[in-house]
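Colleague: I would like to go through this model feature by feature. Please give the general idea each time, then the case at hand.

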Amino acid sequence: MRVIRVGTRKSQLARIQTDSVVATLKALYPGLQFEIIAMSTTGDKILDTALSKIGEKSLFTKELEHALERNEVDLVVHSLKDLPTVLPPGFTIGAICKRENPHDAVVFHPKFVGKTLETLPEKSVVGTSSLRRAAQLQRKFPHLEFRSIRGNLNTRLRKLDEQQEFSAIILATAGLQRMGWHNRVGQILHPEECMYAVGQGALGVEVRAKDQDILDLVGVLHDPETLLRCIAERAFLRHLEGGCSVPVAVHTAMKDGQLYLTGGVWSLDGSDSIQDTMQATIHVPAQHEDGPEDDPQLVGITAQNIPRGPQLAAQNLGISLANLLLSKGAKNILDVARQLNDAH
């Protein structure tokens with residue numbers, strides 16, 4: 001029996017996510033055996049520094065990619081938002097699974113359960129490891145203070161519950177749902193309060209770009225709507241040259257053959273921002289509609305069993321929105337944010 005080796009991070013959430021992907025693959029390929037290989041990444045080891053300060057794009061992916069490169073694993077399951085929009089040569093995202101709720105959630109300290117960010121007392125401290133969240137929420141809720149909090153989900157929840165430092169923390173709703181911690185979600189933030197990170201809520205399966213066998217194997221996991229939304233989001237971010245160290249956020253929706261993309265950039269304190277929305281007509285394809293495509297990847301993604309036209313339309317939408325924001329002065333906001341972040 002052929003064994004397919006699947007790489008993952010060691011955290012509980014990463015394991016739950018990987019197990020869900022492997023369960024789907026097992027059901028599709030009962031003749032194959034799957035072995036999960038867990039490892040620690042740089043991002044898991046450096047816990048005393050804000051993510052934006054480490055200045056490393058592939059914090060949660062590098063060690064896993066090394067294992068892929070050395071042929072120690074055949075595929076790796078990631079949170080898509082951890083994957084840079086430009087992958088190292090020789091790698092591609094071979095599947096993007098159906099997205100969970102991409103919005104951010106607020107988890108409150110037990111003594112503030114029932115509150116919202118708006119009703120928290122003046123000068124309450126809210127923990128987040130993300131410049132994107134802090135910039136948007138500072139602008140929206142000026143009576144609150146935002147401080148960095150690091151660690152995996154379990155660690156951050158423990159810090160919230162056991163220490164008196166934080167009144168609330170902001171986490172991705174999808175992670176809380178996958179962990180089965182629905183009861184901890186005190187408030188889900190709407191896009192007008194806080195837009196989400198590119199790719200948030202979706203899982204990406206990274207493989208060797210030339211490994212056609214594995215590409216075929218995982219390609220069936222692509223969810224067409226999630227794929228197109230994430231291509232647009234990643235193209236927007238790539239064209240802006242945003243990364244961990246600058247506040248960039250998006251919101252996408254697919255409705256009646258139209259893909260809507262809202263994107264924004266913020267200064268670090270949220271005082272300055274540029275946002276806009278564009279849409280494109282995109283027919284969401286049924287899979288295997290017009291035969292395999294052998295074109296190169298788009299924004300690091302290979303989807304050979306999804307028609308090329310809608311993928312290109314989604315990519316062009318992301319680039320067009322990025323150009324619109326750049327024409328309105330986004331580059332200056334991002335440059336200043338980058339410099340300030342580097343200086344602190």
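Modeller: First, some terms: contact means heavy atoms within 4.5 Å. Axes are lines fitted to C-alpha atoms, for helices over the stretch in contact, and angles run from 0 to 180 degrees between N-to-C directions. Helices (H or I, at least four residues) and strands (E, at least two) are DSSP runs, numbered from the N terminus. With these, helix 10 (residues 308-327) lies across strand 12 and strand 13, at about 150° to strand 13. This is a predicted model, in which local features need pLDDT of at least 70 and side-chain atom pairs count only at pLDDT 80 or more, while totals for chains, interfaces and linings use all residues. Residues are numbered from 1 along each chain as its sequence is written, and side-chain values use heavy atoms, with hydrogens and water left out.

Colleague: What does pLDDT say about the chain, and where does it stay under 50?

Modeller: pLDDT is the predictor's confidence in each residue, from 0 to 100. The chain averages 90, and 90% of the residues score at least 70. Over residues 51-57 the value stays under 50, although the model has 19 contacts there beyond four places in sequence. Where pLDDT is low, the predicted coordinates should not be read in detail.

Colleague: In what order do the strands of the sheet of three strands run?

Modeller: Strands of a sheet pair through backbone hydrogen bonds, either parallel or antiparallel. Here two strands count as paired if DSSP finds at least two bridges between them. The order in this open sheet is 11-12-13, with antiparallel pairing. Strand 11 (248-255) and strand 13 (273-281) are the edge strands, each pairing on one side only. On average, neighbouring strands of this sheet are turned by 15° against each other, direction ignored.

Colleague: Which residues have the most contacts inside the largest nonpolar core?

Modeller: In soluble globular proteins, nonpolar side chains tend to be buried together. Buried means under 20% relative accessible area, exposed over 50%, partly exposed in between (1.4 Å probe, protein chains only). A nonpolar core is a set of buried Ala, Val, Leu, Ile, Met, Phe, Trp, Tyr and Cys residues joined through side-chain atoms within 4.5 Å. The largest one has 48 residues, and Ile96, Phe236, Leu240, Val248 and Val265 have the most contacts inside it. Elements giving two or more residues to this core include strand 11, strand 12, strand 13, helix 10 and helix 9 (224-240). Helix 9 provides the largest share, nine residues. Leaving aside neighbours within four places in sequence, the contacts of Phe236 include Val248, Val250, Leu261, Leu321 and Leu325. Strand 12 is mostly covered, with eight of its nine residues buried. A second, separate core of 19 residues includes Val21, Leu25, Phe34 and Leu217.

Colleague: Is Gln315 buried or exposed?

Modeller: Gln315 lies in helix 10 and counts as buried because its relative accessibility is 16%. Beyond four places in sequence, Gln315 is in contact with Ile231, Ala235, Leu298 and Val299.

Colleague: What is the strand order in the sheet of five strands, and which helix packs on it?

Modeller: This open sheet has the order 7-6-8-5-9, with mixed pairing. Its edge strands are strand 7 (145-147) and strand 9 (187-188). Strand 6 (residues 125-127) and strand 8 (residues 168-172) pair in the parallel sense over two bridges, with Val126 opposite Ala168 of strand 8. Helix 6 (residues 153-162) packs on the sheet, touching strand 5 and strand 8, and its direction makes about 165° with that of strand 8. Helix 5 (residues 131-140) lies across strand 5 (104-108), strand 7 and strand 8, at about 125° to strand 8.
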